[in-house]
Amino acid sequence: MDWSKLAFSYTKTNTIITSLYKNGEWGPLESSTDDTIRISALAGSLQYGIEAFEGLKAYEGCDGKIRLFRPEENAKRLQRSADFLGIQAPCTDMFIKACERAVLENREFLPPYSSGASLYIRPFIIGVNPQVGLICPHEVLFVVAVTPVGAYAAEALKPIKVLLARDHDRAAPMGTGSYKIGGNYAAAMLAGIKAKQQGYAMILYLESANRKYIDEFSSSNFFGIKDNSYITPDSDTVLPSITNKSLLQLAQDMGLTTERRKIALEELHEMDEIGACGTAVVITPVHEVVDNHNNITIKVGESERAGHISTALYNKLTGIQFGRKHDTHNWCRIIT
Ligand SMILES: *Cc1c(COP(=O)(O)O)cnc(C)c1O
């Protein structure tokens, strides 16, 4: 494997882990060398989009130990998404066991510490019983797949230009925005690709009820730094990011004040640093927000490098994930 060429893409590994919920109970976790699954053509996941997923990573630490970052938080979030869809999700213990087993059975795909890369874990649940009627699926397949992905400090902290969403929304008021379900991604996929073709790394969404306040990006949360305060939107339509929750805690530990509140678009001008945060890249600083609708470009910070607080937070969090820094909050789970 050439670890230096990894992007965020799928490489087939040794095994996937699966379990089927049927007749009111979960079957045993099984591993399969085949990464295809056989389900009814009329499965609820295919007909009505009954799917929820998670994303977390395994890291080889500087001490050679394998770490998972806060997997119980991912388990809880999947349970929350499942409750929303009206389907079963594995309990936290089963979720973590499946993730650990997927990592161990694919040990040689875990990028070495020196590469700075990691093993991305994709657990998901889908409704599998055949249906045409509108019922919540009673048979659910839980799958955990893994794939090595790259992430380099130089790239991760490179400031980007984003497009303000003006012709579509990601989430409706009181809608599905706060659940990690495939449908949310289906609805925003092509818009994101079109924005990329126009030179924007991502789309920044506003709260759709009023289009006044910042919500989040298509697959990461928004945060800003202003006068030594870490600020992130308080909104019912934002996905509760585990990275954001962790950064908020680390900001507090660093002596910053923290705020979860409405952030008006106009307030961006006053920010010292802004950025996107999520498992995939931890922190991506944002230098430009382009509002084509009003011919306005909001510029924050420098174009060539991340602000010093974003950089410090990035170093702290990745330091904990790779075992370089003391894990004060006991976030990492070491796999043996
Ligand atoms: C997964 C996701 C995030 C990031 O969550 P993390 O737990 O930090 O990976 C942010 N926004 C959306 C819409 C997401 O789907």
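Student: Which element gives the largest share of the lining of the largest pocket?
Tutor: That is α5, with eight residues. Keep in mind that we are looking at a predicted model. Helix α5 covers residues 182-197, and other elements giving two or more residues to this lining include β4 (51-53), β7 (118-127) and β10 (202-206).

Student: How many residues line the largest pocket, and which lie nearest its centre?
Tutor: The lining has 48 residues, and Phe8, Lys196, Met202, Ser219 and Ala280 lie nearest the centre. The volume of this pocket is about 1500 Å³. By residue type, the lining divides into 25 nonpolar, 14 polar and nine charged.

Student: How do you know where the largest pocket lies relative to domain 1 and domain 2?
Tutor: Look at who supplies the lining. Domain 1 (3-149) and domain 2 (160-321) both give residues to it, so the largest pocket lies between them.

Student: What makes something a cavity and not a pocket?
Tutor: In a cavity a 1.4 Å probe fits but cannot get out, whereas a pocket is an open set of points. By this rule there are two cavities of 30 Å³ or more here.

Student: What is the volume of the largest cavity, and which residues lie nearest its centre?
Tutor: Its volume is about 90 Å³. Of the 13 residues that line the largest cavity, Tyr59, Phe69, Thr243, Thr279 and Gln321 lie nearest its centre. Two or more lining residues come from each of β5 (56-60), α6 (242-253) and α7 (308-321). Strand β5 gives the largest share, three residues.

Student: What kinds of residue are in the lining of the largest cavity, and which domains do they come from?
Tutor: Six are nonpolar, six are polar and one is charged. Domain 1 and domain 2 each provide at least three residues.

Student: And what lines the second largest cavity?
Tutor: The second largest cavity, with a volume of about 40 Å³, is lined by Asp169, Arg170, Ala171, Tyr205, Leu206, Ser208, Asp215 and Thr237. These divide into three nonpolar, two polar and three charged residues.

Student: How would you classify Thr147 by the same test?
Tutor: Thr147 is at 7% relative accessibility, so it counts as buried too. Thr147 belongs to strand β8 (residues 140-149). The C-alpha atoms of Thr147 and Gly133 are separated by 35 Å, with the residues 14 apart along the chain.

Student: What makes the phi of Asp227 worth a look?
Tutor: Most residues other than glycine have a negative phi. Asp227 is not a glycine, yet its phi is positive, about 45°. Asp227 lies in the loop between β12 (221-226) and β13 (229-233). Asn228 is found in the loop between β12 and β13 as well, and this residue has a positive phi of about 60° although it is not a glycine.

Student: Last one: what makes the chain as compact as a globular protein of its length?
Tutor: The chain has seven helices and 18 strands. Its radius of gyration is 20 Å, close to the 20 Å that the globule rule gives for 336 residues, so the chain is as compact as a globular protein of that length. The C-alpha atoms fill a box of roughly 55 × 50 × 35 Å along the principal axes, and buried residues make up 53% of the 336 residues.

Definitions and conventions. Residues are numbered from 1 along each chain as its sequence is written. This is a predicted model: local features need pLDDT of at least 70, side-chain atom pairs count only at pLDDT 80 or more; totals for chains, interfaces and linings use all residues. Side-chain values use heavy atoms; hydrogens and water are left out. On a 1 Å grid over the protein atoms alone, a cavity is a set of points where a 1.4 Å probe fits but cannot get out, and a pocket is an open set with protein on both sides within 12 Å along at least five of seven lines; lining residues have an atom within 4 Å of a point. Grid points are joined across faces, edges and corners, and a volume is the space filled by probe spheres set on the points. Helices (H or I, at least four residues) and strands (E, at least two) are DSSP runs, numbered from the N terminus. Ala, Val, Leu, Ile, Met, Phe, Trp, Tyr, Cys and Pro count as nonpolar, Asp, Glu, Lys and Arg as charged, and the others, Gly among them, as polar. Domain bounds come from an automatic or database domain assignment. The radius of gyration is taken over C-alpha atoms; the globule rule is 2.2 Å times the number of residues to the power 0.38. Buried means under 20% relative accessible area, exposed over 50%, partly exposed in between (1.4 Å probe, protein chains only).
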